[in-house]
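Dear colleague,

Please find the structure for your review below. My findings follow directly after it.

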Amino acid sequence: MTTILLIEDHAPLRENLCELLTLEGFHVLAAADGRTGLQLASQHHPTLILCDIMLPGMDGYEVLTRLRADATMKAAPFIFLTAKGTPPDIRAGMNLGADDYLPKPVSRIDLLKAVRTRLERAKQQQRFQPNFDDPKPLEKLGISPREAEVLLWVAQGKGNHEVAEILGLSVATVKKHTIHIFEKLGVESRTAATLRAVEALA
């Protein structure tokens, strides 16, 4: 059974999310603060982590930083679930290694879609073993350093608006880079570009 660690200090929301995820067949571990969340992660090695940013004592950014420094938990999908949804907040989380960012209040459909998408992508990554830590290897595909940064996030399932927020670019600029990437790689879709990227990063 897939284990999800939920780190959320607001008790009613924590209980609601636990119930929702449990009814969907997930095994849920819950923590009310970051320190307890890290202890549970170390003990149980959850498959995926949902974490608020504004937590007592240790915020979500620090939780993520510590998990990414732990070899046993480095690859676990990490989704921020928070009311802090401004572009600078999103970029900060993504730059630390978050896989997704869901602003509160989040609907049941959006939450389950994000969870299942990240779990499926994690399975794919285990098969191919790509390393998404650095866009540099993508430059060997004949694209520019900035295009490599865009492709790195496209290959992780991000849309143009999300890539724009993460990299601090306009959506129009991201679209232009994406068009150039497709032309240089000789592909016509994001799926095909993602496959080329994964092969280059493996």
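Which residues in H7 meet which residues in H8? Asn160, His161, Val163 and Ala164 in H7 meet Val171, Val174, Lys175 and Thr178 in H8, where contact means heavy atoms within 4.5 Å. The residues of this contact comprise 4 nonpolar, 3 polar and 1 charged; Ala, Val, Leu, Ile, Met, Phe, Trp, Tyr, Cys and Pro count as nonpolar, Asp, Glu, Lys and Arg as charged, and the others, Gly among them, as polar.

This is a predicted model, in which local features need pLDDT of at least 70 and side-chain atom pairs count only at pLDDT 80 or more, while totals for chains, interfaces and linings use all residues. Residues are numbered from 1 along each chain as its sequence is written, and side-chain values use heavy atoms, with hydrogens and water left out.

Helix H7 spans residues 160–167 and helix H8 residues 171–185 (helices are DSSP runs of H or I, at least four residues, numbered from the N terminus). The two pack at an angle of about 110°, with their axes 8 Å apart (axes are lines fitted to C-alpha atoms over the stretch in contact, and angles run from 0 to 180 degrees between N-to-C directions). H7 is therefore roughly perpendicular to H8 (65 to 115 degrees).

A search of the whole structure finds 0 disulfides, a disulfide being a pair of cysteine sulfur atoms within 2.5 Å. The sulfur of Cys18 has its closest cysteine sulfur in Cys51, 13 Å away, which is too far for a bond. Cys18 counts as buried at 17% relative accessibility (under 20% relative accessible area, 1.4 Å probe, protein chains only). Cys51 is also buried, at 0%.

Kind regards

Key:
Parallel < 35°, antiparallel > 145°, perpendicular 65-115°, else oblique. Buried < 20%, exposed > 50% of the residue type's maximum accessible area, 1.4 Å probe, protein only.
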